[in-house]
Amino acid sequence: MSRRSGILEFAVLGLLRESPMHGYELRKRLNTSLGIFRAFSYGTLYPCLKTLVANGWLIEEPGSIPVAPPATGRGAAPSSSLAGRRAKIVYRLTAEGKEHFEELLSHTGPDSWEDEHFAARFAFFGQTEREVRMRVLEGRRSRLEERLEKMRASLARTRERLDDYTLELQRHGMESVEREVRWLNELIESERSGRDRRRSSPEGSSRQDTDTSGETGGLPRHRDDTRPDPSDDTK
């Protein structure tokens, strides 16, 4: 399984955990909610859905066909036209699919903080346990700090050989990575603050301990609209 197909399967399972959908709805949600899937086709989505069905993680159910009001007059369509239309297939997550998705949510290996996979993981942080979120955020920050160090070293070696435009492009790339590191620092601090508040409040602790998934931890308030898009490729 390629890395990108694995990310797509993860995202499909996560969206269907929220509610059953048919293929068009899924494609629309993937395009609008997860920027890494802005350019993909039904030819990519439907093989993924078939694989998930074959694995027992999804089931296919016939959806209802919208009933059109009776048409009158010269332009009325024959009643047989609606009868010939096929119902859309609705995809529903099975109990095994939910269990598999929860296993994927708990994964905190290196893949979870690489560029494309991190964007998908972050999109489902509302369904992820706090400790897992922390490990993914810290892993992502460490990954970007390593990347930033290499970029600075490369720029120092080649600065004299670069023209002004190439040099400006290098600086722009570094600034993008630095901005995401600052954003991650804010998120990590917010997660830690939320955990500390919960520990210091007996009432809040007993309530929060019963449901550790779906906690936001208090996302940082931004002074402007410069928060980076996790789907941006900062390589």
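Strand β1 (residues 21-22) pairs with strand β3 (residues 89-93) in the antiparallel sense over two bridges; strands are DSSP runs of E of at least two residues, helices are runs of H or I of at least four, both numbered from the N terminus, and two strands pair if DSSP finds at least two bridges between them. The model is predicted: local features need pLDDT of at least 70, side-chain atom pairs count only at pLDDT 80 or more, and totals for chains, interfaces and linings use all residues. Residues are numbered from 1 along each chain as its sequence is written, and side-chain values use heavy atoms, with hydrogens and water left out.

**Sheet**
- Three strands form an open antiparallel sheet in the order β1-β3-β2; its edge strands, β1 and β2, each pair on one side only.
- Methionine 21 has tyrosine 91 in β3 as its bridge partner.
- Strand β2 (residues 58-62) runs antiparallel to β3 and is joined to β3 by five bridges, with proline 62 opposite isoleucine 89.

**Aromatic pairs**
- The whole structure holds six aromatic pairs (rings of Phe, Tyr and Trp, the last by its six-membered ring, with centres within 6.5 Å; planes under 30 degrees apart are stacked, over 60 edge-to-face, the rest tilted).
- Phenylalanine 101 and phenylalanine 124 form an edge-to-face pair, because their ring centres are 5.8 Å apart and their planes lie at 80°.
- Both phenylalanine 101 and phenylalanine 124 are buried (under 20% relative accessible area; exposed is over 50%, partly exposed in between, with a 1.4 Å probe and protein chains only).
- Phenylalanine 122 and tryptophan 183 are tilted, with centres 5.2 Å apart and planes at 55°; they lie in helices α6 and α8 (residues 164-200) respectively, 61 residues apart.
- Tryptophan 183 is buried at 3% relative accessible area, whereas phenylalanine 122 is partly exposed at 22%.
- Ring pairs link Phe118, Phe122, Phe125 and Trp183 into a cluster.
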